[in-house]
Amino acid sequence: MNLYLNASRVLLCAGLAVSAIAHAAQTYPEKLIKIVVPFPPGGDLEPLARKLCDHFQKAWKQSCIVETKPGAQAMIGTDFVAKSPPDGYTLLICSVGPMTISPTFYAKVITYSVGKDIVPVARIATTPMVLVVGASVPAKTFGEFVA
């Protein structure tokens, strides 16, 4: 009987906790959402950020803006987001560079930590990459090119 009573109390507490979390989650967003693009205006990520912003505005009935913060191999905008309050209102849309390449090549100058200060939450697009050679190169496949 005591085990049953303790289990009931645990379930009741868990239910109340989940209810409180669910209630708190329903209030997001309560203020302006900012999507930071760490590249110059007119790049390939800015239109995607604007489309995402439009979606957020329609879905959440909350204002959303896109702000470009270019420079230093996207580290300026990424650092800005990493140092923003961790409340979900300042988002970063970027390629893999600021998340993987910059921390490797610029470890001594980078001021944010991927995984600690900033974390990826979703992949929203992929970009195909191609290797192109001049028409005078006899290779027609990657294998031929390597050979």
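How many bridges join strand E1 to strand E3? In this predicted model, in which local features need pLDDT of at least 70, side-chain atom pairs count only at pLDDT 80 or more, and totals for chains, interfaces and linings use all residues, three bridges join E1 to E3, and the two strands run parallel. Residues are numbered from 1 along each chain as its sequence is written, and side-chain values use heavy atoms, with hydrogens and water left out.

The chain contains five helices and three strands, where helices (H or I, at least four residues) and strands (E, at least two) are DSSP runs numbered from the N terminus. Read from the N terminus, the order of the elements is α-β-α-β-α-β-α-α. Of the 147 residues in the chain, 23% are buried; buried means under 20% relative accessible area, exposed over 50%, and partly exposed in between (1.4 Å probe, protein chains only). Among the contacts (heavy atoms within 4.5 Å) with a separation of 6 or more, 65% are between residues 24 or more positions apart.

Strand E1 (33–37) is mostly covered, five of its five residues being buried. In a regular strand the side chains alternate between the two faces of the sheet. On one side of E1 lie Ile33, Ile35 and Val37, and on the other Lys34 and Val36, all of them buried. E1 pairs with strand E2 (residues 64–68) in the parallel sense over five bridges; two strands pair if DSSP finds at least two bridges between them. Within this pairing, Ile33 stands opposite Cys64 in E2. The chain passes from E1 through helix H2 (residues 45–60) to E2 in a right-handed β-α-β crossover, a term that applies if, with the strands pointing away from the viewer, the path from the first strand over the helix to the second runs clockwise. Towards E3, Lys34 stands opposite Thr90.

Helix H3 (residues 75–82) is largely enclosed by the rest of the structure, because six of its eight residues are buried. These buried residues are Met75, Gly77, Thr78, Asp79, Val81 and Ala82. Their cover includes E1, strand E3 (90–92) and helix H4.

The structure holds five salt bridges, each a side-chain nitrogen of Lys or Arg within 4 Å of a carboxyl oxygen of Asp or Glu. One of them joins the side chains of Lys34 and Glu67 (3.3 Å, N to O). Since Lys34 lies in strand E1 and Glu67 in strand E2, this pair ties together parts that are 33 residues apart in sequence. Glu67 counts as partly exposed, at 22% relative accessibility.

A further salt bridge is formed by Glu46 and Arg50, whose closest N and O atoms are 2.7 Å apart. Both residues lie in helix H2, four residues apart, about one turn of the helix. An α-helix has 3.6 residues a turn, so residues three or four places apart point the same way. Glu46 counts as buried at 11% relative accessibility, whereas Arg50, at 40%, counts as partly exposed.

The chain exposes about 10700 Å², of which carbon and sulfur atoms supply 65%; accessible areas come from the Shrake-Rupley method with a 1.4 Å probe, and for residues only the protein chains shown count as cover.
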